[in-house]
Amino acid sequence: MTFVAKPRVHHPKLPINEIGLTRRDYEGPVSTLCAGCGHDSVSAAIVAACAELSLPPHKFAKISGIGCSSKTPSYFLSKSHGFNSVHGRMPSVATGANLANRELYCIGVSGDGDTASIGLGQFAHIVRRRINMLYIVDNNGTYGLTKGQFSATNDKGSTSKKGSPNLYEPIDLVSMALQIGASFVARSFSGDKKQLVPLIKAGLMHKGFAFIDVISPCVAFNNHQGSTKSYEYVRDHSETVTVSDYFQPHDEITVDYDPGSSEDVKMPDGSTLRLHKLDRDFDVHDRVNALNYVQKRQAEGEVVTGLLYVDPDASDCHEILDTVQRPLNELGEAELCPGNAALHAINDSFR
Amino acid sequence: MTTYNDFVIRFANVNGSGSASANGMFAKALFRMGIPVSTRNIFPSNIQGLPTWFEVRVSDKGYLGRREGVDIMVAMNAETFEEDVAAVKPGGFLLFDNTKALALNLKRSDITEIGIPLTDLLLPVFTDIKQRGLFKNITYLGALAALLNIEFDVITGMVSTQYAGKDALIAPNIRALEIGREYARQYLPCPLPFQVRRMDANGDRIMVDGNAAAAIGALYGGATVCAWYPITPSTSVAESFEQYANKLRVDPDCGRRRFAVIQAEDELSAIGIVIGAGWNGARSFTATSGPGISLMSEFLGLAYFAEIPAVVMDIQRAGPSTGMPTRTQQADLLSAAYASHGDTRHVLLFPSTPKECFEFAAQAFDLADRLQTPVLLMSDLELGMNDNLSEPFAWDDTRAYDRGKVLDADDLDRIERFGRYLDVDGDGIGYRTYPGTHPTKGAFFTRGTSRDEYARYTESPEAYVQNMDRLLKKWKTAATLVPKAEIGGSGHRAGILFYGTSALPMQEALDLLTEEGIHLDTLRVRGFPFGAEVYQFIDAHDFVFVVDQNRDAQMKTLLVTEGGLDPATLISVLYFGGLSISADTIQAQVSEYFTEQKLPRLTEVKS
């Protein structure tokens, strides 16, 4: 797959935001992910959020690790720099980028393998450090690029496409983020634009570390024997394609349900995901309660979505380190070099 | 016969007993008397209770390398007493606490015992048991002042400076010094045949460890982001940087910091932060040692391919992780030079003195920005953690940082089309932009490879090969920018090539070899990729000794691999025992080669 540019023709009726730009100015080239991939819905939500906030589309640093999710920063905000870095190490690269220039909006996109397995350590520590950024996990419970292994967020007992069950306990990133001290924690579903776009907007505007765990179905690998979406089924019913490069196109999964209610979502593998949207009167400033609530609902087989916790007065890493307001990458010799006179004094201290 | 300003004294202590400051004062006193000294800490990977040695070489000739054999042993550790006694050269002296008599089996007829009843002397003076322990060290320092003829006011002056602000400590320290001095004067054969006397051999030189020097270099070089993970022997680089930056890199108006230091959760994170900051236009560095280089390898490879500036200070130690973390080696050359998977090569700098640690550290940021690639400063424990005599640091206030090829918004408006990886100037180096520079131009997506000259995703074989060939071109440019090798002597048929701390004993080794009729031209490598002068030097000699402080001749491997040289022309001189290489070791191995090969020696005829 090579780079595909989108036509630069604007629909005349596209709404214009406060800085005179349309949504198209926040988009990127055409995605190379599978048709119907939840990750593309997340990218679209990021585009919508940034456009609605009227943020300058070049003032972002988009950082990712490795995996399907980590490819997505090239599909949104093409006027900003992006960095597809090392597997599981997006947090450290984002930390460096944020330290260098505190004025850029920093968006980190990662996956469940990238964050909950290889990058769990870096995830924990970026939460602790309160880097001022929006950290999104496109969570599909599977390794897509290596074709369908379980990830650490996959529920115990669910089956792979080969039919073997996942034997291990899942890691709940939302609970972890709450426990380690993230000052903004939310969960959403990639197909729930009504919920996701506002959450992304809130996360971008939050000062400090904002974390959104987005359940994002994998249309290619969260399937199993017997499913009409499975490899086997496709192979048996089509002679013109090879097994390795064909995925059954899937419609984007969307939901639209009210706060305080639960919603069953059919996943591509035929299973059902039960989402529970937080009530409007849920106290988003009570971290311990949020943690309890998530765990309690989880025990009842429900995945809680919505804004779980926010500390609007949180500090960020730059405040903790007491750095100057001006971006460090703008400082020159005059601000950085103590000069030869100071060096004479240093020399004297060594005599 | 009295020997002035030429001996080795070793202090055997217990780790954590407070001996370091007394021993440091001893060395500093001699330095202030204008006598060249070099110091070496030989210490365990432990906080308290294990043996530790501090060695001071005093050399009127200015030899700074380690010398085998101990002339004066200050044996204060019961646990190592036996081996410490055995380490003294015949004719040497053993200073010990004779509150308890020396066991008969430890007596040696070929050395002189000097017993001082330190415990007994201090018992009536200091009631506090901990104080008594600490002042034991100060008391033997006082005795040494009398035994070796150290100017007493130099030492007392140092006590006053060291405890300035904690005045209550000055009087008891001076009292302890006097107790030692008085006892020595009254009961011991003062002064010994080994003595010091004031000279003026140090000029305006300073005495500093390489890690502090590198940290100051990073400060002067404009580093704003430092991310690190604690690891001996590199820890003090980051700690010194923060310390100096807190003093010298603070906004005078608001008191806020113009730098950020993060102690990361591991080395992977440390280098990730450095690369993220470098990508976003801040000068950033990490300090680590061999195990850290292993962990950072994946990221270093990414930075090579993605062309992101980063500075790594590798303070080398003996491998592996659980090996001898507090012992010195030059053992990371190959893992640093080729760190990571895929075809990668990294720029290395080899400082030999604290001054070079300072200069190369500052220069590393210019090189990293200019070449858009990681640059590794290859120091080691010997240089990094010991106080070394050094020329003073100097900075030209008119010097501007070389930020390399970076386009700003105006530049982007002027050019027709921006291509991040276009080789516009033919030196293999493209132009880059910092994130957020321009509303519509200059943004690009950074990946390892799999992109074309305009940073667009592609897996085309042609694009990959073209990119890799350009990186090779950039590598050739790098060879012209790293510090040139330092060449000494000319016209001899054999040469000796060395780098880093092997320079410390080199002059002494050459003098020893000259005495036996072996004359060598010298080349000190200071950077990698090697400049043309390195290959010319090797080419101009029949054979060249290559000194490596590692088992597998890593510098030789680099020379052979990079230069396509015949390995037979390079003769390895190796030392990898974990102490620093000595002149005797170099002399012995070179001399042995001459003997084995029946090579002629030129001995001057003395008339």
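1. Phe83(A) has Thr446(B) of S17(B) as its bridge partner. The strands concerned, S2 of chain A (residues 81–84) and S17(B), run parallel and are joined by two bridges; strands pair if DSSP finds at least two bridges between them. Strands (E, at least two residues) and helices (H or I, at least four) are DSSP runs, numbered from the N terminus.

2. This is a predicted model, in which local features need pLDDT of at least 70 and side-chain atom pairs count only at pLDDT 80 or more, while totals for chains, interfaces and linings use all residues. Residues are numbered from 1 along each chain as its sequence is written, with chains lettered from A and ligands numbered from 1 in the order in which they are written.

3. Chain A gives 50 residues to the contact and chain B gives 57 (contact: C-beta atoms, placed from the backbone, within 7 Å). Elements of chain B that give two or more residues to this side include helix H7 (210–220), helix H10 (290–306) and strand S17 (445–446). H9(B) supplies the largest share, nine residues.

4. By class, the side of chain B that touches chain A has 33 nonpolar, 13 polar and eleven charged residues. Ala, Val, Leu, Ile, Met, Phe, Trp, Tyr, Cys and Pro count as nonpolar, Asp, Glu, Lys and Arg as charged, and the others, Gly among them, as polar.

5. Within chain A, helix H5 (residues 120–129) meets helix H6 (residues 173–180) through Ala124(A), Val127(A) and Arg128(A) on H5(A) and Met176(A), Ala177(A) and Ile180(A) on H6(A). Five of these residues are nonpolar, none polar and one charged.

Terms used: Contact = placed C-beta atoms within 7 Å. Axes fitted to C-alpha atoms, helices over the stretch in contact; angles between N-to-C directions.
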